[in-house]
Amino acid sequence: MTKATNTKPATRRSDDNGQGTGPPTIAELKACNIMSGSVISIHTDVSIHDAAEMLIDHGVSALPVVSGRKVVGILSETDLLHREELGNPPDTCDVDSPEPECVKAFGHTVGEVMTPVVVSVEETTTLSEIANLMDEHRIKHLPVLRDDNLVGIVSRADIVRALIVRPVGSHGPMTNDDDIIRARVIEKLLTIKGASAWLTDVAVSEGVVTLTGTVQDEDALLPSREAVAAIPFVKAVDDHRAVTQAFWG
């Protein structure tokens, strides 16, 4: 398996005692910053039917295939598009054919149908390296490993999420800690029901977060403010959001 490694050590701002005092800048944004860490994995002996149910039930498009915590493959929706059960196996395939596309069509277990992992990344692999690997290998998901053990997965969707938290009109990499904090605030608001992240403007200055705009659910106002305050390196939250008022004709 090819593993992308980062030859430059991660750096952090330090105080006079050499202690880290802030998050890495987005110019150093790495797999650990954007990956999905709560990874749902699957074993090689699971049936295709059960694997398909897992993909649907968990709302994911791919599952790392593991043996212990060692990654041996990826099972994605693409691997299940041409199946005997669907009546659309490749025309050139027989049940006993050893060709990979035929095994995918007629195989019974995840181990038979999965795509073997040929490339992975480490937690310190940069976003640009991740994007280049996806382009080079024409893949949508990369397992993230620590000491050859699975700790996360990064997808094209994760890269897109990193894009949407940038301010409109931004150019080039973000270069300070406030930008990183702003990205984390928006990501957090997107996960809170009723917080109306799309109706909220987020500004950060020297670690102080200012929220303006509206929320649709008053019950989400305090929990979302507390969640933002708990984000690492946030010093204070200045919340000016209003609750959307319903008008009836």
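Guide: Start with Ser-155, which sits in strand 8. Helices (H or I, at least four residues) and strands (E, at least two) are DSSP runs, numbered from the N terminus. This is a predicted model, in which local features need pLDDT of at least 70 and side-chain atom pairs count only at pLDDT 80 or more, while totals for chains, interfaces and linings use all residues. Residues are numbered from 1 along each chain as its sequence is written, and side-chain values use heavy atoms, with hydrogens and water left out.

Ser-155 has 12% relative accessibility, so it counts as buried. The scale is: buried under 20% relative accessible area, exposed over 50%, partly exposed in between (1.4 Å probe, protein chains only). The Ser-155 side chain reaches the backbone nitrogen of Ala-157 at 3.2 Å. Setting aside residues up to four places away in sequence, Ser-155 touches Met-134, Lys-140 and His-141. Contact here means heavy atoms within 4.5 Å.

Now the core. A nonpolar core is a set of buried Ala, Val, Leu, Ile, Met, Phe, Trp, Tyr and Cys residues joined through side-chain atoms within 4.5 Å. The largest one has 16 residues. Ile-34, Val-121, Ile-130, Leu-142, Val-144 and Val-154 touch the most other members. Strand 8 (149-155) is among the elements that each supply at least two residues. So are helix 1 (31-34), strand 6 (119-122), helix 5 (127-137), strand 7 (141-146) and helix 6 (156-164). Helix 5 gives the most, with 3 residues.

Take Ile-34. Leaving aside neighbours within four places in sequence, its contacts are Leu-29, Leu-127, Ile-130, Val-154, Asp-158, Ile-159 and Ala-162. A second, separate core has 14 residues, including Ile-186, Ala-195, Leu-211 and Val-234.

Elsewhere, 4 strands form an open sheet in the order 2-3-4-5, with mixed pairing. Two strands pair if DSSP finds at least two bridges between them. Strand 2 (42-43) and strand 5 (115-116) are the edges, each pairing on one side only. Strand 3 (residues 62-67) and strand 4 (residues 70-76) run antiparallel over 6 bridges. Ser-67 faces Lys-70 in strand 4.

Last, the cysteines. A disulfide is a pair of cysteine sulfur atoms within 2.5 Å, and the count is 1. Cys-93 is joined to Cys-102, S to S 2.0 Å. The link is left-handed, with -80° about the S-S bond. Both Cys-93 and Cys-102 are buried. Cys-32 is partly exposed, at 38% relative accessible area.

Notes
Polar contact = N/O pair within 3.5 Å; in protein donor to acceptor, adjacent residues only side chain to side chain.
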